Amino acid sequence: MERVRLITRVPPEKIGHKFLRSGAKVFLSNPNIYCRPIWSLETNVGTIREAFFVSQFSSYSIAVPDIGDFSIRFNGKRIVFEIGGPGKTLQQIKNEENAFVLKDGVESGYSQVIPLYLIGMMY
């Protein structure tokens, strides 16, 4: 299913035995599929946000870290992202060096907060 791009699997950031014990996150490759009537938008909004992020960063090396929702490697640097709604705070990533919160439902960013819709410009 991955080869025909129906699903996208995001592996854990761990190595060795920890990698084998940790599960990957699996998303439908096209986040628009989640908006069909068979899916409940209210209960799956977090999954839709994360699927959108994964679809936009699919050409990068994405992993699931211990802290945060996703991490990517870009120019040799690790960047951690936490994804959430308007009420999401910086609390979960406060000890990470290169970390950002991607918020849905906000129009402008500040500090380490980026509006989620701007990730669509990465495609």
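Hi everyone, let's start with the largest pocket, which holds about 260 Å³ of space. Keep in mind that this is a predicted model. Rolling a probe the size of a water molecule over the atoms shows where empty space is left.

So what lines the largest pocket? Eleven residues do, and those nearest its centre are Arg-5, Thr-8, Ser-29, Ser-55 and Ser-58. As for secondary structure, two or more lining residues come from each of β1 (7–10) and α2 (45–56). The biggest contributor is α2, with three residues. By residue class, the lining of the largest pocket has five polar, four nonpolar and two charged residues.

Now to the packing. In soluble globular proteins, nonpolar side chains tend to be buried together. Here, the largest nonpolar core has 18 residues. Which of them have the most contacts inside that core? They are Val-10, Phe-27, Phe-53, Val-54, Ile-62, Phe-70 and Leu-102. At least two core residues are supplied by each of α2, β4 (70–74) and β5 (77–84). Our helix α2 turns up again here, giving this core its largest share, four residues.

Setting aside neighbours within four places in sequence, Val-10 touches Ala-24, Lys-25, Phe-27, Val-54, Ile-62, Ala-63, Val-64 and Phe-70. Among these partners, Phe-27, Val-54, Ile-62 and Phe-70 are also on the list of core residues with the most contacts.

Finally, there is a second, separate core of five residues, and Val-80, Ala-99, Val-101 and Val-113 are among them.

Note on methods: Residues numbered from 1 in each chain as written. Predicted model: local features only at pLDDT ≥ 70, side-chain atom pairs only at ≥ 80, totals over all residues. Heavy atoms only, no water. 1 Å grid on protein atoms, 1.4 Å probe; cavity = no way out; pocket = protein on both sides within 12 Å on 5 of 7 lines; lining within 4 Å. Points joined across faces, edges and corners; volume = space filled by probe spheres on them. Nonpolar A, V, L, I, M, F, W, Y, C, P; charged D, E, K, R; others polar. Core = buried A, V, L, I, M, F, W, Y, C linked by side-chain atoms within 4.5 Å. Buried < 20%, exposed > 50% of the residue type's maximum accessible area, 1.4 Å probe, protein only. Contact = heavy atoms within 4.5 Å.
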